[in-house]
Amino acid sequence: MSPPDPSISKWTRDITLVLNGERRSVTVDVRTTLLDLLREQLHLSGTKKGCNQGECGACTVHLDGRRVNGCLMLAVQADGREVTTIEGLARDGQLSAVQRAFIDHDGLQCGFCTPGQVMSATACIAEGHTRSEAEIREWMSGNLCRCACYPQIVDAVRAAAKKAEVP
């Protein structure tokens, strides 16, 4: 019997995920968060690290179509699953309706929270939580904006939701 490979550690694991529509296989430290995998190993810097405690929403990504805080999830939990980041929303060089609405309605100022806001807004629309301004605010409440662009963000979500309803 051959000796164990010294490069393999009990602290690492091979995982495979579908990232922005592309199948990716990586070796991760089992203690690595999904956020750190995306930013540090896969070099997708669009997803931001804010509080690193799940309070600000800057790290919001979609996991199997549902929004999650990347800072609270271990990368190994994404094994075999589909992850979409802000980089994966645009198609064929065209911004998504939500991305376009954020620009059109000035739903950003410094831009730090914008990727998480856009990811959360995309999910909010898909979940059908856009019937009123109060409902949008409630379902977007996990995403903080230090620049206080909340009225513009709500306007952007409403506009994108209306576009989504058009057949």
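**Figure 1. The largest pocket lies between domain 1 and domain 2 of this predicted model.** Domain 1 spans residues 12-88 and domain 2 spans residues 97-165. Both contribute residues to the lining of the largest pocket, so the pocket lies between them. Its space amounts to about 180 Å³. The lining consists of Gly50, Cys51, Cys56, Ala58, Cys110, Phe112, Cys113, Leu144, Cys145, Arg146 and Cys147. By class, nine of these residues are nonpolar, one is polar and one is charged.

**Figure 2. Strands S1 and S2 form a hairpin.** Strand S1 covers residues 12-19 and strand S2 covers residues 22-29. The two run antiparallel and are joined by eight bridges. Aspartate 14 has threonine 27 of S2 opposite it. Two residues separate the strands, and asparagine 20 in the turn has a positive phi of about 50°.

**Figure 3. Five strands make up an open sheet with mixed pairing.** Their order is S2-S1-S5-S3-S4. S2 and strand S4 (66-69) are at the edges with a single partner strand each, so one side of each has no neighbour in the sheet. On average, neighbouring strands of this sheet are turned by 40° against each other, direction ignored. Within the sheet, strand S3 (residues 60-63) pairs with strand S5 (residues 82-84) in the antiparallel sense, over two bridges. Leucine 63 has valine 83 in S5 as its bridge partner.

**Figure 4. Helices H1 and H3 lie across strands of the sheet.** Helix H1, residues 34-41, lies across S1, S2, S3 and S5 and runs at about 105° to S2. Helix H3, residues 114-127, lies across S3, S4 and S5. The angle of H3 to S3 is about 40°.

Conventions: Residues are numbered from 1 along each chain as its sequence is written. This is a predicted model: local features need pLDDT of at least 70, side-chain atom pairs count only at pLDDT 80 or more; totals for chains, interfaces and linings use all residues. Side-chain values use heavy atoms; hydrogens and water are left out. On a 1 Å grid over the protein atoms alone, a cavity is a set of points where a 1.4 Å probe fits but cannot get out, and a pocket is an open set with protein on both sides within 12 Å along at least five of seven lines; lining residues have an atom within 4 Å of a point. Grid points are joined across faces, edges and corners, and a volume is the space filled by probe spheres set on the points. Ala, Val, Leu, Ile, Met, Phe, Trp, Tyr, Cys and Pro count as nonpolar, Asp, Glu, Lys and Arg as charged, and the others, Gly among them, as polar. Domain bounds come from an automatic or database domain assignment. Two strands pair if DSSP finds at least two bridges between them. Helices (H or I, at least four residues) and strands (E, at least two) are DSSP runs, numbered from the N terminus. Axes are lines fitted to C-alpha atoms, for helices over the stretch in contact, and angles run from 0 to 180 degrees between N-to-C directions. Contact means heavy atoms within 4.5 Å.
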